[in-house]
Amino acid sequence: MNIKILSRNQNLYSTRRLVEAAEKRKHNVQVIDHLKCDLVIEKRKPNIYYKGDYITDTDAIIPRIGASVTYFGTAVVRQFEMMGAFSTTDSEALVRSRDKLRSLQVLSRAKIGLPKTVFTNYSRDVEGLIDHVGGTPLVVKLLEGTQGLGVVLAETKNAAKSVIEAFNGLKARVIVQEFIEEAKGADIRVFVVDGHVVGAMKRQGKEGEFRSNLHQGGSAEVVELSDEEEIAAIRAAKAMRLAVAGVDLIQSSRGPLILEVNSSPGLEGIEKATGKDIAKSIIQYIEKNV
């Protein structure tokens, strides 16, 4: 098969591993910088112009679209879909997953466990907002934040009011969530491919840090999921209509709670923690569908 990987940097770990896995299984693979694609739109003949030539004969694509370029990246994915290529991440699902608020609404409708969350239109009733999530401590998250950036833990009511009012004053969209103390600064990243869990790791925040993201200095180790956690992760990916997803959840006294469903999950942390060939699973998913 002819497989295109949409990535801005062919030297990134995830991109390199996908190339290796595809070549090992005898596929032709090319890394395409989606920001350098020109989309040619005309009646019954959608095309993509890239580095002086038109792209042809594409059986499948693997989108690795960064959050900062979601709009154009999704347009490129959609164009490939119009040209008949199979995508491991559906363009509409990609857009849906990048909207944190919409994602939480979709998961809520699917009756999936979530931390209690509140979103307002810059409400001045900050105390009421705090009460809605059960008081402090609480977590304030920028809707556009990634990799743990734009996430603040407010431990007192005064701190929470200051943070929320500051974000409101900047007209920055935030959600306010209850703080799950029993999680103890840890979460679980579950990698789901084609409705099956192919790997899971527990991420622990460094001492004094409640964010468990590896980009914030957290550590990772392989973890064995409970049946309840595995089912929750699979249901979350399905609700978001993502065939390839990184599902982040935390353990609470009322069961697993979903934090986020990532449509372009990195491979480095999960492969190194679990020792599993996640890239191979993604290529096998393409083989099954093309």
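Start where two helices meet: Arg96, Ser97 and Arg98 from α3 touch Lys100, Arg102, Ser103 and Val106 from α4, with contact taken as heavy atoms within 4.5 Å. By class, that contact has four charged residues, two polar and one nonpolar (Asp, Glu, Lys and Arg are charged; Ala, Val, Leu, Ile, Met, Phe, Trp, Tyr, Cys and Pro are nonpolar; the others, Gly among them, are polar). This is a predicted model, where local features need pLDDT of at least 70, side-chain atom pairs need 80 or more, and totals for chains, interfaces and linings use all residues. Numbering runs from 1 along each chain as its sequence is written, and side-chain values use heavy atoms, leaving out hydrogens and water.

Helix α3 covers residues 91–98 and α4 covers 100–109; their axes lie 5 Å apart at about 105 degrees. So α3 is roughly perpendicular to α4 (65 to 115 degrees; under 35 is roughly parallel, over 145 roughly antiparallel, the rest oblique). Axes are lines fitted to C-alpha atoms, for helices over the stretch in contact, and angles between N-to-C directions run from 0 to 180 degrees. Helices are DSSP runs of H or I with at least four residues, strands runs of E with at least two, numbered from the N terminus.

Now the sheet: it is open, with four strands in the order β2-β1-β6-β7 and parallel pairing (pairing takes at least two DSSP bridges). Strands β2 (28–32) and β7 (86–87) are at the edges with a single partner each, so one side of each lacks a neighbour in the sheet. Two bridges link β6 (residues 60–63) to β7, and Ile61 sits opposite Ser87 in β7. Helix α1 (residues 13–24) packs on the sheet, touching β1 (2–6), β2 and β6, at about 160 degrees to the direction of β2.
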